[in-house]
Amino acid sequence: MTTTNPDIVSAVPTRLLIGGQWRDATETATMPVEDPSTGSTLCDVADASPADAMTALDAAVAAQESWAAHPPRQRSEILYRGYRALLDRQDELARLMTLEMGKPLAESKGEVAYAAEFLRWFSEEAVRIDGGYATAPDGKSRFLVMRRPVGPCLLITPWNFPMAMGARKIGPAIAAGCTMVIKPAPQTPLSMLALAEILQEAGLPDGVLNVVTTSRAGEVVEPLLRDPRTRKLSFTGSTAVGRILLEQSAQNVIRTSMELGGNAPFIVFDDADLDRAVEGAMQAKMRNIGEACTAANRLYVHASVASEFTARLTARMSELRVGRGVDDGVQVGPLIDEAGRSKVQRLVDDAVARGAKVEVGGAPLPGPGYFYPPTVLTGVATDAEMHHNEIFGPVAPVTTFETEDEVVTAANATPFGLVSYVYTRDLDRALRLSEALETGMLGINQGIVSTPAAPFGGVKQSGLGREGGRVGIEEFLEITYVNIGLG
Ligand code: NAP
């Protein structure tokens with residue numbers, strides 16, 4: 001295996017951040033970070049033990065009281081300086097992200113801006129935490145409602161959006177006055193380490209944000225959840241892991257926010273503007289190489305427009321340039337690892353075995369790197385595994401439908417409910433679908449719904465709670481109500 005060590009990688013801290021100090025892991029253990037476009041090692045980062053993680057929790061607990069007492073305006077200004085610094089360093093951070101995660105540079109730049117926007121949004125929210133005062137219905141007392149930080153938090157993030165998924169949690173935690181231990185995914189720790197250093201430079205006090213990189217997630221996290229000092233878990237990742245963490249959180253009745261897996265339907269009606277529908281499908285399917293919880297996982301197209309839609313989609317998918325994300329003009333990078341690519345191939349093979357036709361793509365590209373071509377499948381049977389399991393790759397499975405009732409039933413036939421997309425020009429139908437689809441978010445003639453200014457999250461087994469919007473900070477606050485008796 002070759003080792004590449006571009007400048008931006010060597011500039012990022014690779015140790016644990018605990019109590020404001022960058023420290024080695026116990027016995028200076030390290031783990032490699034790989035470039036998925038070459039399979040080579042970019043660098044090694046600290047590989048924390050359970051004892052290291054407990055030290056990080058100690059630091060978060062020690063900092064909690066003084067951090068909660070920090071003036072909201074100061075918390076806000078730290079976040080705002082972080083926002084500015086991310087934008088100032090957008091190009092180099094994008095390169096770092098592309099090297100460890102694989103997505104094309106333009107998409108990494110977009111994610112850095114998206115992460116920055118979470119810091120800006122929550123810098124604005126930090127000074128708007130309000131309460132209430134009311135007269136009791138019998139007039140004999142007064143009610144005071146106060147909000148305060150929930151306390152030390154454990155934040156766990158996935159590899160697919162290595163910076164934004166962290167910023168979406170760190171922003172509201174800082175704004176609310178919570179301290180935290182964050183555990184990024186082992187495939188992509190560098191973007192998080194860079195963000196932590198930027199927030200340190202922006203003036204975040206020691207111990208407020210502690211970063212623990214580890215290859216031993218289960219061993220490291222469980223003791224933290226069993227420790228009663230941890231008051232909040234915010235997790236983004238798969239439903240399978242979310243379920244385990246919910247069980248572990250039950251013992252101490254820890255507040256939980258869960259951003260879990262999706263299985264998004266993308267529905268194109270016969271009255272849709274097909275130009276917009278194809279454009280939206282490209283965004284909803286190909287953003288992040290298809291490795292997004294919001295990715296269109298099932299495309300339902302009305303039978304009367306299916307062949308035209310498929311022809312246009314196939315043409316667009318065929319034109320995409322696959323390659324290393326750092327290279328000019330590349331639109332589709334590699335998948336994160338061999339396990340991810342094998343899963344995509346298994347799902348494609350299963351769909352084909354059940355009668356699907358490959359319009360384009362359908363087989364892995366030669367290495368090095370974990371490349372998979374943009375793929376369109378038609379005639380995908382509803383019992384194909386990809387209709388029930390996230391593909392997490394650049395594969396668009398098209399299925400036809402005849403009636404609105406039929407497609408609503410099909411779209412809802414999943415335990416997931418993160419996001420759905422509907423293309424129609426009929427306002428009545430759009431409103432009916434808004435109510436009939438079991439989904440936390442819905443794009444109407446819109447292929448991307450994610451924004452820091454709106455509540456992001458799912459229903460059913462796609463999660464609990466919301467990130468972003470006015471409600472995002474609530475996840476990190478709790479309420480104390482005071483009843484003041486009158487003489
Ligand atoms: P994952 O396997 O669930 O891992 C997510 C994080 O949890 C990683 O940091 C992982 O570390 C850690 N983890 C795994 N097992 C753990 C355990 N037993 N205890 C504590 N932590 C544990 O998910 P992923 O493959 O990284 O990400 C893809 C999934 O995330 C997809 O299902 C996608 O839909 C979902 N996602 C959801 C949203 C949303 O907002 N709803 C956003 C993005 C992604 P290790 O890798 O070391 O195990």
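1. What covers the buried residues of α14? The cover includes β12 (264–268), α13 (404–412), β18 (419–423) and β19 (441–444). Contact here means heavy atoms within 4.5 Å. Helices (H or I, at least four residues) and strands (E, at least two) are DSSP runs, numbered from the N terminus.

2. A word on the basis. This is a predicted model, in which local features need pLDDT of at least 70, side-chain atom pairs count only at pLDDT 80 or more, and totals for chains, interfaces and linings use all residues. Residues are numbered from 1 along each chain as its sequence is written, and side-chain values use heavy atoms, with hydrogens and water left out.

3. Helix α14 spans residues 427–436, and Arg 429, Ala 430 and Leu 433 are buried in it. They cover an arc of only 100° around the axis, so they sit on the same side of α14. The arc is that of the directions from the helix axis to the C-beta atoms. Leu 427, Asp 428, Leu 431 and Glu 435 are exposed on the other side of α14. Buried means under 20% relative accessible area, exposed over 50%, and partly exposed in between (1.4 Å probe, protein chains only).

4. Now the start of α14. A side-chain oxygen of Asp 426 comes to within 3.0 Å of the backbone nitrogen of Asp 428. Asp 426 itself lies in the loop between β18 and α14. Asp 426 is partly exposed, with a relative accessible area of 30%. Between Asp 426 and Arg 312 there are 22 Å in space, C-alpha to C-alpha, and the two are 114 residues apart in sequence.

5. Helix α13 has its own buried set: Glu 404, Val 407, Val 408, Ala 411 and Asn 412. Down the axis of α13, these buried residues fall within an arc of 125°, so they line one face of the helix. Asp 405 and Thr 409 are exposed, on the face turned away from the buried side of α13. The cover over the buried residues of α13 includes β12, β13 (296–302), β16 (395–401), α14 and β20.

6. How do the two helices pack? The angle between α13 and α14 is about 30°, and their axes are 11 Å apart. That makes α13 roughly parallel to α14; angles under 35 degrees count as roughly parallel, over 145 as roughly antiparallel, 65 to 115 as roughly perpendicular and the rest as oblique. Glu 404, Val 408 and Asn 412 of α13 make the contact with Arg 429, Arg 432, Leu 433 and Ala 436 of α14. Axes are lines fitted to C-alpha atoms, for helices over the stretch in contact, and angles run from 0 to 180 degrees between N-to-C directions.

7. Is Ser 462 buried or exposed? Ser 462 counts as buried, at 0% relative accessibility. Its place is the loop between β20 (459–460) and β21 (463–464). Leaving out residues up to four places away in sequence, Ser 462 touches Met 258, Glu 259, Leu 260, Gly 261, Gly 262, Phe 416, Gly 417 and Leu 418.

8. Check the backbone at Pro 368. The peptide bond from Gly 367 to Pro 368 is cis, with omega near 5°. Pro 368 is in the loop between β14 (357–360) and β15 (375–378).

9. Two residues other than glycine deserve a look. Glu 27 has a positive phi, near 55°. Glu 27 is in the loop between β2 (21–23) and β3 (30–34), and counts as exposed at 75% relative accessibility. Val 253 has a positive phi, near 50°. Val 253 lies in the loop between α9 (239–250) and β11 (255–259), and counts as exposed at 63%.

Conventions:
Polar contact = N/O pair within 3.5 Å; in protein donor to acceptor, adjacent residues only side chain to side chain.
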